Amino acid sequence: MIFRRRKPAADARETFKVLTYRQLMWRRFKRHKLAMAGAIMLVVLYTLALLADFVAPYGPTQRVPGYISAPPQRIHMWGPDGFHLRPFVYALDLKVDTGGFQRIYSENTSRMLPIRGLVGGHLFGIDPAAPGEPAATLFLCGSDRLGRDMLSRVVHGARVTLSIGLVGMSLSFVLGCVLGSVSGYYGGVVDTIIQRVIEFIVSIPTLPLWMALSAALPAGWPMYQRYFGITLILSLVGWCGLARVVRGQILQLRDQDFVTAARCASASDRWIIFRHLLPSTMSYLIVSITLAIPGMILGETALSFLGLGIQAPAVSWGTLLQDAQNIRTLANQPWVLIPGAFVVLTVISFNFVGDGLRDAVDPHGK
Amino acid sequence: MLPLVTITGLKTYFKTDEGNVPAVDGVDLVIPRGKTVALVGESGSGKSVTAFSAIRLVAEPGKIVAGRISLHDEQGNVESVLTDLDPCGKVIRRIRGKRIAMIFQEPMTSLSPVHTVGAQIVEAIRLHTDMTRRQAREHAVAMMARMGIPNADQRFKSYPHEMSGGLRQRVMIAMALSCRPELLIADEPTTALDVTIQAQILELLADLKRDYRMSMLFITHDLGVVAQIADEVVVMYQGRIVERGAVRDIYARPQHDYTKALLASVPSITSQRRRRLSTVADVTAGLSAADAAVQHTVRTDLPPLLSVRNLRKHFPLRKGFWGNVPATIKAVDDVSFELLQGQCLGLVGESGSGKTTVGHCILRAQQATSGEIRFRIGQDEHDVIAADRGRLRMLRRHMGIIFQDPYSSLDPRMTVQDIVGEPLALAGISNRGERLDRVREMIVRVGLEPEHLVRFPHAFSGGQRQRIGIARALVLKPSFVMADEPVSALDVSVRAQALNLLQDLQAEMGLSYLFVSHDLSVVRHIADCVAVMYFGRLVELADAEELFTNPLHPYTKALLSAVPAPDPGSPMRRIDLGVEPPDPTNPPCACNLFRDCPADRGESIAPAVLREVSAGHFLRCHEQNI
């Protein structure tokens, strides 16, 4: 509701600022600091994923031979010769401890590698090493056991992981809206059947179900087919929660006078559901979608982590985390957990945004 | 007269994004000991906020920004200054409930649904006294009995949902009065109740005030109620007091324009029928629109537009596991009437009497169980109940419906032009331009501006929303309109405008109304013909003038006697229908209200039927009672 400066007794012409529902929502959302932070974070993450080829200094499978499991390189502004306006990293010196079969990396302070903008079609990077010199590397988040830049792989992996959340959710959204509104609007036997089906699906432990289904995907499927297969599997469970939200809302709305009014004007059921009921549930739907996307993202991560989701040459945050399955690797190269940090960041951001949206659509909110 | 509470210069503001909203803007008020002060005003006038400020319960973002509220002792000395207290502190909590108690409009929501009513009264008692549990229980039962709750001892263990609205309100009063407060703040305590129950509660409150020698601050918008209960009247408008005085003076000689307008805009049970009501705008502009009767023609020469015969609508109750039906609620039970072209038939009854269901059956929003509904279009008569999809679509183009609640009847996500244009779109007018033209024409006709078309419902006041609802009902130019309590949710002055509009439109467009309402004075004002319903049955049907001057059925008499007249000189002589409502699955034949009904004496006689007792006056009763 909006407040008026003075409520006139007669309903004569009034002068006050009229805000649309969206403006009101946006205004309340902006007041939620954490949600705004989350929203900005998400915009940044999705922009990174969209522009992965440009943002990442390396390609997702590009190797720097020899430099395997290198630690993250620090960015410096102060060198031995004083302050540099252009940030730089020191080149890595590699020693192999033949006794312990370990690679020991150290910073070579005499060889500075300045970080330049727009190098070789990327946002930033370093000049390639001159012939004869040892390789120049820019591993801001370290490299993996094949000598690939972790940061670049995370940025590329974001494409799969972040988009699976959205694509999966839109599938769930369609299923949830249709089945939920049919269930709530018609009630009776139809409602009972749909609700029992939902209860059945929800009662199956999700991880084993996902595992069984993705194990059933043919191994020979190409990458994109597998991607959609996984999405389908994830949304098979995801629509249930949405359908319940939609059903609850529609149960509440279907006896409102404006629905009776439409019915008395001979509106068809389809007209009532799509013109009146679903638009009215939209704000609540957006909230539950925002809160359900993290579930999808976590699902993909879990499946890929177990090796059942996205398969090796393709990168996603889940496949990247496969390196972290081994405790020895974890102890020696803690940076393999960086994709996990990104997962946490994304999930928390979505939750904050969802929280803020929930407060924003609540008409009784302050 | 010793004062109990004095309020001086009270200002309570609500902080919003658009700046401070002055809900109460400089109010001075004295509540004397042992008197009832009525705070009258329309919604948003600040009357409730004034009361809430007094007990320091103003909700966020409201804040008392100036003024002083003090509580006096029995000698009239200031005992404590309520405005100086911490609103959550111990001192105010001891005053609240013990010395100043409150009852609210909604007895449904002010009682907790998970505790028995007895436990809730006991809790209130033990919070403020040091009675033992046993003493408190005894006291609670005694209080409930004092409030006229039958079988108080057994009712003590009931849950709120097991009680009717009237009984719940009695429980609320028992709870409020259990600690013998000196001041009772009653915030619209009877607004949600039926008239007959309202009359009981008002009588009870007046009684209790005398017995307990307490003061009452009675908040209401109903001028009839004020006349019956108040000693002093304070009229509020936009956060300020515009007039105050003894109740007789206010009604006999109102001074302020706003008070005059309020009194003029109420149709009363004694005023001239079918005239234009003055609105606040008229009075402040010095116009006297009143007395200009609105002419409309009832086509007695034509066959009836709508005839309803033996209409029944039954709802099975509590379906058992095997699908057996132990009881049915007869929401509509054998209702017959005719509606002429251009006529307005008022359908009156208390909540649950089935009046709305009759209207819904006519529009086929609900499917009738049995009976016959015939609707005339031109020369042809159509059977509504048997109509198939296509015919129903055609029939509904000639019918409109107006709802009670101006908030839930408009889709909040649609603009005015989409809302009003919806029936056109559904009727197959696909040309957007043509639709828009007709919507614009209708919107102007109901008194809104063309620039309102692109706005959403939340930008309008209740009265304007109702105008949008009326525009939607009439945009297809129907011949019949079912108006379901169209003015009940509106403020008094807006109600007058809406009634004027409905009358004007009826005269201009030759409409027939089925005007469903619980408000007898409104029905008397607008209807040509009135039908009274009681538990799904039509008990009396007559010309409006005849029905109100010469009611025959005991239920009609009881109903009429319960309407509070806006005249402090005329005390109510109400006929009591009993505190507890009858069982709706087995409703009484209202005949048992006749003192000497043979059915009441246990004689087996033919069931009561609707019969014509004099020209155009129908009465449902046993043959023996005529």
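Which residues in α6(A) meet A:I230, A:I233 and A:V237 in α7(A)? They are A:T206, A:L209, A:W210, A:L213 and A:S214, where a meeting is a contact, with backbone-placed C-beta atoms within 7 Å of each other.

Okay, quick housekeeping. This is a predicted model, with local features needing pLDDT of at least 70 and side-chain atom pairs counting only at pLDDT 80 or more, while totals for chains, interfaces and linings use all residues. Residues are numbered from 1 along each chain as its sequence is written, with chains lettered from A and ligands numbered from 1 in the order in which they are written. Helices (H or I, at least four residues) and strands (E, at least two) are DSSP runs, numbered from the N terminus.

Back to that pair in chain A. Helix α6 covers residues 206-215 and helix α7 covers 223-253; they pack at about 150 degrees with axes 10 Å apart. The axes are lines fitted to C-alpha atoms, for helices over the stretch in contact, and the angle, between N-to-C directions, can run from 0 to 180 degrees. α6(A) and α7(A) are therefore roughly antiparallel, a label for angles over 145 degrees.

Now chain B, starting with helix α5, residues 133-146. Its 14 residues reach 20 Å from first C-alpha to last, close to the 20 Å expected at 1.5 Å a residue; that expected span is 1.5 Å times one less than the number of residues. Its buried residues are B:A136, B:A140, B:V141, B:M143 and B:M144. Buried means 20 or more other C-beta atoms within 10 Å of a residue's own, exposed means 12 or fewer, and partly exposed is in between, with C-beta atoms placed from the backbone. The buried residues of α5(B) pack against α4 (117-128), α6 (152-155) and α7 (165-177) of chain B. Just past the end of α5(B), B:G148 has a positive phi of about 80 degrees.

Then there's α18(B), residues 492-509. This helix is mostly covered, with 13 of its 18 residues buried.

Last stop: a lysine. Is B:K313 buried or exposed? B:K313 has 22 C-beta neighbours inside 10 Å, so it counts as buried. B:K313 sits in strand β11 (residues 306-317) of chain B, and its contacts, leaving out residues up to four places away in sequence, include B:V332, B:C361 and B:Q366. B:K313 and B:G371 are 58 residues apart in sequence, yet their C-alphas are 8.8 Å apart in space.

Terms used: Two residues are in contact if their C-beta atoms, placed from the backbone, lie within 7 Å. Angles under 35 degrees count as roughly parallel, over 145 as roughly antiparallel, 65 to 115 as roughly perpendicular and the rest as oblique.
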